[in-house]
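This report describes selected features of one structure, arranged by topic. Please consult the sequence and the three-dimensional view while reading.

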Amino acid sequence: MPASSPFEVHDNRFKALFNSSAALEELYSGCRWAEGPVWFDDARHLLWSDIPNQRMLRWTPDGNVSVFREPSNFTNGHTRDRQGRLVSCEHGTRRVTRTEPDGSITVLADRFQGKHLNSPNDVVVRSDGSIWFTDPTYGILSDYEGYKAEPEQSSRNVYRLDPVTGEITALVSDFLQPNGLAFSPDENLLYVADSGASHDDTAPRHIRVFDVNDGRTLSNGRVFCHIDNGVPDGMRVDTSGNVWSSAADGVHCFAPDGTLLGKILVPQTVANLTFGGPRRNRLFITATRSLYSIYVTATGAQMP
Ligand code: MG
C-alpha cells in the first residue's frame, strides 16, 4: 500500500474488504457539522445534514453540491423507508418526520407519554416497516444544533415506532446517550452506539448489541465493541455483517464477533457514514466540515 493509504489493517480479515488503490476523496467542504448521509440510487444523489447551518445538502456524481432544504429544523440522521421515502430526525422540532414524494412532511413521532422527545438523533427502518430511532439530548443542550431546553423525558431512549398503529415504544432506557443504530443483515440483532463519553470522559464509548425478538422488542443487551479513539456515532452494516462505525480518527470496521478489523483514516472527526452508489460499495462519510467518499469491496446492507 502507498504510504498515504487511508486503510489501517488490524486483522487480516480486513484486507478482503478494501482495494488498496482506492483513495479517500473529499467531495465537499464548508459544513459546520456534517451528519446523516443517505443515498438515493433512483435519483442518483446523496443527501446529508449540515446541522448547525440549518440546512440539508445534495451531492450529485457530477460533483455538484446544492442546498436541498433550508431551514432544515436542524435535521441530523436520515434513512429511507421501504417505499424509498426520506425519514429524518430533527433536533429543532424534536421529532421524526417522513418526506412524501410531493415534498410535504409527515410527523411520525414528536412525543412519548405526552412529553416532548429530547432530540431524535439517528434512525433505521426494518423490513417490516417499523422505524427505530434514538433520542439523546444533544440537540437541546445548546442553541448550536437545535434549541436549548430542559429534557422532558427522564431517560434517553431507543424507540420503536409501529408501522400499523404509529405508536412509539421505549425499548431501552439505560443509555447515557444512544446514538447511531443499525440492524444485522438478518435483522435479528440491533447495534446501538452509546456516545456518552462526548461530554463525560468516564462515560461509555461503546456499541451495544441486542437480540431483536419478533421484530418488536430487544433483549440480552451486551457490549459489542469499544471505540479506541473518540466516540461511536453513526454506523452501517455490510452484507457480511461487519459493522462500520464512525470514530474520531475515521471509520472503524468490526467483525460480527466484535474484533476490530481495521480503520479508514479520515482527517476530520467522523459523525456518520453510509454505503451508496449503484453497487452499494462506496462509503460516503460525513466528517465535521466535509463529505468524503471511498470505494470498498464490501457491500452495504439494508438499502431499500
Ligand atoms: Mg448521531
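## Ser-5

Ser-5 counts as buried because its relative accessibility is 13%; buried means under 20% relative accessible area, exposed over 50%, and partly exposed in between, with a 1.4 Å probe and protein chains only. Ser-5 lies in the segment before strand S1 (7-9). Strands (E, at least two residues) and helices (H or I, at least four) are DSSP runs, numbered from the N terminus. The side chain of Ser-5 reaches the backbone nitrogen of Phe-7 at 3.1 Å.

## Basis of the model

The model is predicted: local features need pLDDT of at least 70, side-chain atom pairs count only at pLDDT 80 or more, and totals for chains, interfaces and linings use all residues. Residues are numbered from 1 along each chain as its sequence is written, and side-chain values use heavy atoms, with hydrogens and water left out.

## Cysteines

How many disulfides does the structure hold? It holds zero, where a disulfide is a pair of cysteine sulfur atoms within 2.5 Å.

The sulfur of Cys-31 is too far for a bond, because the closest cysteine sulfur, in Cys-89, is 18 Å away. Cys-31 counts as buried, at 0% relative accessibility. For Cys-253, the closest cysteine sulfur is in Cys-225, at 10 Å, and this is also too far for a bond. Cys-253 counts as buried as well, at 1% relative accessibility.

## The magnesium site

Which residues coordinate the magnesium ion? The donors are Asn-121 (OD1), Asn-179 (OD1) and Asp-233 (OD), at 2.1 to 2.2 Å. Donors are N, O and S atoms within 2.8 Å of the metal (3.2 Å for Na, K and Ca); water is not among the atoms, so sites may look incomplete.

Along the sequence, the donor residues follow the spacing N-x57-N-x53-D. Asn-179, in strand S17 (residues 178-183), and Asp-233, in the loop between strand S20 (217-226) and strand S21 (235-237), link distant parts of the chain, 54 residues apart. Both Asn-179 and Asp-233 are buried.

## A four-stranded sheet

Four strands form an open sheet in the order S3-S4-S5-S6, with antiparallel pairing; two strands pair if DSSP finds at least two bridges between them. Strand S3 (34-40) and strand S6 (65-69) stand at the edges with a single partner strand each, so one side of each is left without a neighbour in the sheet.

Strand S5 (residues 55-59) and S6 run antiparallel and are joined by four bridges. Leu-57 stands opposite Val-67 in S6.

Terms used:
Polar contact = N/O pair within 3.5 Å; in protein donor to acceptor, adjacent residues only side chain to side chain.
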